[in-house]
Amino acid sequence: MISIRSKNVLLVAPDTFPVELLPESQLFRHISSIATIFPTIHELKPNLIILDHEYVIKDIERILRRISSNPSYNKIKVCCYKKTAHTKTDGLLKALGVDHIFYQEDFSKEAQSKNTSGVLSSILDTSIVHLLAKAVH
């Protein structure tokens, strides 16, 4: 789950994006056509662009160079979603102007940690917790 705090967000990904998004923004637009990225940027004027790396892999360098070279895009934050980490690719993306990279494993770890706390609280009965609290004092 990605928590987004920007007002205007543009997501460039296939129609079946693998990560659940919670748009807390005023305007959230999901496009699946790479050809419409820049017309949508001009129309929407997003604060944040999220790119699915595997989906735009052939055009990602061209897209990032165009965003970083245009002074009217200098306030746009660019994030990239990847399935796995790769040192060389991640370094190139950072050098081309990606502000943050999300990995698929980050979302599975977050879900597991939330699930673990729920399991522990359901296992520990309140009477056991009270006994443990008395033993500590």
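**View 1. Helix H3 is followed by Gly97, whose phi is positive, near 120°.** The model shown is predicted: local features require pLDDT of at least 70 and side-chain atom pairs count only at pLDDT 80 or more, whereas totals for chains, interfaces and linings use all residues. Residues are numbered from 1 along each chain as its sequence is written, and side-chain values use heavy atoms, with hydrogens and water left out. Helices (H or I, at least four residues) and strands (E, at least two) are DSSP runs numbered from the N terminus. Within H3 (residues 87-96), Asp90, Leu93 and Leu96 are buried. These residues lie on the same side of H3, because they cover an arc of only 125° around the axis; the arc is that of the directions from the helix axis to the C-beta atoms. Thr87, Lys88 and Ala95, on the other side of H3, are exposed. Buried denotes under 20% relative accessible area, exposed over 50%, and partly exposed in between (1.4 Å probe, protein chains only). The cover over the buried residues of H3 includes H2, strand E6 (77-82) and strand E7 (100-103).

View 2. His53 counts as buried, at 7% relative accessibility. Apart from neighbours within four places in sequence, His53 is in contact (heavy atoms within 4.5 Å) with Ile60, Cys80, Tyr81, Lys82, Thr89 and Leu93. Ile60 belongs to helix H2 and is likewise buried, with a relative accessible area of 7%. Residues up to four places away in sequence not being counted, Ile60 touches Leu51, His53, Cys80 and Leu93. The C-alpha atoms of Ile60 and Ile34 are 9.7 Å apart in space, the two residues being 26 apart in sequence.

View 3. Cys79 is in no disulfide, its nearest cysteine sulfur being that of Cys80, 8.7 Å away. Cys80 is in no disulfide either, and the sulfur of Cys79 is the nearest cysteine sulfur, at 8.7 Å. A disulfide is taken as a pair of cysteine sulfur atoms within 2.5 Å. Cys79 is buried, with a relative accessible area of 8%; Cys80 is buried too, with a relative accessible area of 0%.

**View 4. Helix H1 (residues 37-44) and its buried residues, Ile37, Phe38, Thr40, Ile41 and Leu44.** Because these residues cover an arc of only 160° around the axis, they are placed on the same side of H1. Strand E2 (8-12), strand E4 (27-31), E5 and H2 are included in what covers them. Thr36 is situated in the loop between E4 and H1 and is partly exposed, with a relative accessible area of 32%. Between the C-alpha atoms of Thr36 and Val12, which are 24 residues apart along the chain, the separation is 9.5 Å.

**View 5. Lys45, in the loop between H1 and E5.** Lys45 follows H1. Its phi is near 50°, a positive value in a residue other than glycine. Lys45 is exposed, with a relative accessible area of 59%.

**View 6. The largest pocket, with a volume of about 160 Å³.** The residues lining the largest pocket are Ile41, His42, Lys45, Pro46, Asn47, Ser72, Tyr73, Lys75 and Ile76. On a 1 Å grid over the protein atoms alone, a pocket is an open set of points where a 1.4 Å probe fits, with protein on both sides within 12 Å along at least five of seven lines; lining residues have an atom within 4 Å of a point. Grid points are joined across faces, edges and corners, and the volume is the space filled by probe spheres set on the points. By class, four nonpolar, three polar and two charged residues form this lining (Ala, Val, Leu, Ile, Met, Phe, Trp, Tyr, Cys and Pro count as nonpolar; Asp, Glu, Lys and Arg as charged; the others, Gly among them, as polar).

**View 7. The protein chain as a whole, with five helices and seven strands.** The elements run β-β-β-β-α-β-α-β-α-β-α-α from the N terminus on. Of the 137 residues in the protein chain, 34% are buried. Among contacts with a separation of 6 or more, 48% are between residues 24 or more positions apart.
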